Amino acid sequence: MTMSPAWYVRRLSRMGPGEIAGRAADTVRRRRWRSAPPDCPDVTGARFTATLPEGTLADLPADAVKRLVAEADRLLAGQTEFFGVVREDLVAPDWSYDPKTGRHAPQGYSFALPYRDEERSGDIKQIWELSRHQYLTVLAAAYAVTGDERYAQRVAEHLRSWWAANPPLHGVHWISGIELGIRLLSWVWIRRLLDGWPGAAALFEDNPVARNRIWHHQRWLAAFPSRGSSANNHVIAECAGQAAAACAFDWFPQSARWCRESLRLLDRQLRRNTFLSGLNRELATEYHGLVLELGLAALAEADGAHVPVPETTRLVLLRMTDALAAVVDNRLRPPRQGDADDGHGLVLDGGGTDRWGSLLATGEAVFGRQPWWPAVDGTDVRTGLLAALIERSERTVTRPAARPAHFADAGLTLLRGPDGIWCRCDAGPHGFLSIAAHAHADALSVEVRQDGVDILADPGTYCYHGEPAWRRYFRSTLAHNTLELDGTDQSLSGGPFLWTRHAVSRVLGVDTAEAPGESVTSWSAEHDGYRDSVHRRRVELAPRERELTVYDEVRGPRREVRLAFHLGPEITAELTGSRAALTWSREGQERSALLDLPAQLTWRAHRGESDPPLGWYSAGFGRKQPATTLIGTGTADGTQGFTTVLSFREAGTGRRR
């Protein structure tokens, strides 16, 4: 995917004067560095002291350690999977190779490379992911818990290979700040976890090549921070990586300044990127998880090094943790809202470890749990390691006394019913900052689950670069459980990470029960994305009847309508006229529901269609599978509404309770 001149004009229009000036200065610096790159200072006597407290490893849960070692053994055999692509070349990886397309990224001065052009560079996400070195943190953790030097030796081989193949400012791994920040964080933990290995010092602090690469990563991050309309999760990763490296690798003349400045910037950006309610402002749930992981990792480094951290940093991370505990369903699955690219801040666990349960476990260890928090049954390695470094704050903070159901600032409302019925209603801002990079055109969409199973599903993200038709589809209005007018999106896209006009949503009313499951709860909202027409929606959940009702209304001139309901991949649907019989199973038990659709629309089921895309579900980045989508077509003239009723049946009987 290459960017046209028109895209650059649209992108420039979303920047303010300060951002434009900063980017101009960055351009000048990049050109200067091409001929006169900065020099790494010579240092002597470097030592690594950022070790784990004694006894930390012995206290890790045995089952989590077992999963970790199993994952490390798979990696040791050269096997892993990134974004749906299985790799078996990890014994001696090629750092510029994309296994998805079979292409190699070009070499040369980093800032001159066409990394967005898949035809010339391959899928850059595939290439970058391996070089985050998060698989190496798993191998290093396996060494730490077993003492098996095979893991340490493989880590050393790969780091030396990477450092040799990627000199400063050469190749695609020196282009994006988020990649450098996350890589630094991985290197810090690799060094910490290898501390008992006799070769650790020779690999890191006594190795001039390692010191050079570590310094150049930090110098790069200090020079090229994400700015203005791009200061989203990327700037958090940059600050977290910079802070971690400056605390743990405090070997350079600039280390103290980099540590101080990055922690100050991290605090400011965490506050800017987070609503007061604790939800991430990008309104993309996976980025909430990423930012929380990064923030906790940076806090661990600062506390471990006894470097002061602003209390507001802890407060934001606490609020984010409480917000996560509030929004997950009964199986600890959070909303599938906005973009998701499977990005993690710090990986120290094996396969099968629940990401969201791990974050809640860490939150409980660091901040303490509230009585209304959901129970976390799983175990993980990362919680014990982070909690060993993070200091518990003695400051008294007011926290929600009951589980929040309505997040007014984020426009997110949850309706809950018996048997794990969970409904997310969306009337929030259209993403974050002027470009809303990770937003979808999903105003007034709903997402419904029962016992963790997607019934009315958010289809997900699937891809960023290289497949523009699929990128357009998965972020479109039609790809969400909402209403589309005249075949157009509610918000106007200017590129794969750019929205030039944002629909504005407004919550009209919320009634969430004090005791969910006892009385009818409801939500209503509207948005102005269609200019001369207003889409208004009301959702009611009657828990005793196990019935969810969606009322849609279009106020304005006569318009063509498409109303979409996307079913989860586990759902089988039989559509007869305007009624769909839904069936699925959960842990061997048959379940069912009836979906009564507006009769004034003409309904059709779509599944796995590619031209144009329709009827798909993406469980993770780079992966998609056919799923049933029900589309109703017709007209709206402002005189009638559309009513949809989802009735859950009693498990195993087909009867409504």
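L332 counts as buried, at 11% relative accessibility; buried means under 20% relative accessible area, exposed over 50%, and partly exposed in between, with a 1.4 Å probe and protein chains only. L332 is found in the loop between α14 (311-327) and α15 (355-367). Helices here are DSSP runs of H or I with at least four residues, strands are runs of E with at least two, and both are numbered from the N terminus. The phi of L332 is near 65 degrees, which is positive, and the residue is not a glycine.

Before I go on, this is a predicted model: local features need pLDDT of at least 70, side-chain atom pairs count only at pLDDT 80 or more, and totals for chains, interfaces and linings use all residues. Residues are numbered from 1 along each chain as its sequence is written, and side-chain values use heavy atoms, with hydrogens and water left out.

Back to the backbone. Most residues other than glycine have a negative phi, and most peptide bonds are trans. D486 also has a positive phi, of about 55 degrees, and is not a glycine. D486 lies in the loop between β10 and β11 (492-495) and is partly exposed, with a relative accessible area of 37%. As for peptide bonds, the one joining D611 and P612 is cis, with omega about 0 degrees. P612 sits in the loop between β22 (609-610) and β23 (613-614).

Next, the helices. How do α6 and α8 pack? Helix α6 (residues 134-146) and helix α8 (residues 177-193) pack at an angle of about 10 degrees, and their axes are 9 Å apart. The axes are lines fitted to C-alpha atoms, for helices over the stretch in contact, and angles run from 0 to 180 degrees between N-to-C directions. α6 and α8 are therefore roughly parallel to each other; the cut-offs are under 35 degrees for roughly parallel, over 145 for roughly antiparallel, 65 to 115 for roughly perpendicular, and oblique for the rest. Their crossing is left-handed, that is, the near helix is turned anticlockwise from the far one by less than a right angle; clockwise would be right-handed.

On the α6 side the contact is made by Q134, L136, T137, A140, A141, Y143 and A144, and on the α8 side by I182, S186, W189, I190 and L193. Contact means heavy atoms within 4.5 Å. By class, that contact has 9 nonpolar, 3 polar and no charged residues. Nonpolar covers Ala, Val, Leu, Ile, Met, Phe, Trp, Tyr, Cys and Pro; charged covers Asp, Glu, Lys and Arg; the others, Gly among them, are polar.

α8 also meets helix α7 (residues 149-165): the axes come within 13 Å and cross at roughly 145 degrees. That crossing is left-handed. V155, L159, W162 and W163 of α7 meet R183, W187 and I190 of α8. The classes there are 6 nonpolar, no polar and 1 charged.

Now the sheets. Strands of a sheet pair through backbone hydrogen bonds, either parallel or antiparallel. In this analysis, two strands pair if DSSP finds at least two bridges between them.

Strand β26 (residues 628-636) is mostly covered, with 7 of its 9 residues buried. 8 bridges join β26 to β17 (residues 559-566), where E560 stands opposite T635. With β21 (residues 602-607), β26 pairs over 6 bridges; T602 stands opposite T633, and R604 opposite I631.

An open sheet of 8 strands runs β13-β14-β15-β16-β27-β20-β19-β18, again with antiparallel pairing. β13 (505-511) and β18 (572-576) stand at the edges with a single partner strand each, so one side of each has no neighbour in the sheet. Neighbouring strands here are turned by 15 degrees on average, direction ignored. Within this sheet, β16 (residues 547-555) and β27 (residues 641-648) pair over 7 bridges, and the bridge partner of E547 is S647.

Last, R399, in the loop between α16 (382-389) and β5 (406-407). Is R399 buried or exposed? R399 is buried, with a relative accessible area of 16%. Leaving aside neighbours within four places in sequence, its contacts include L318, D322, F367 and W373.
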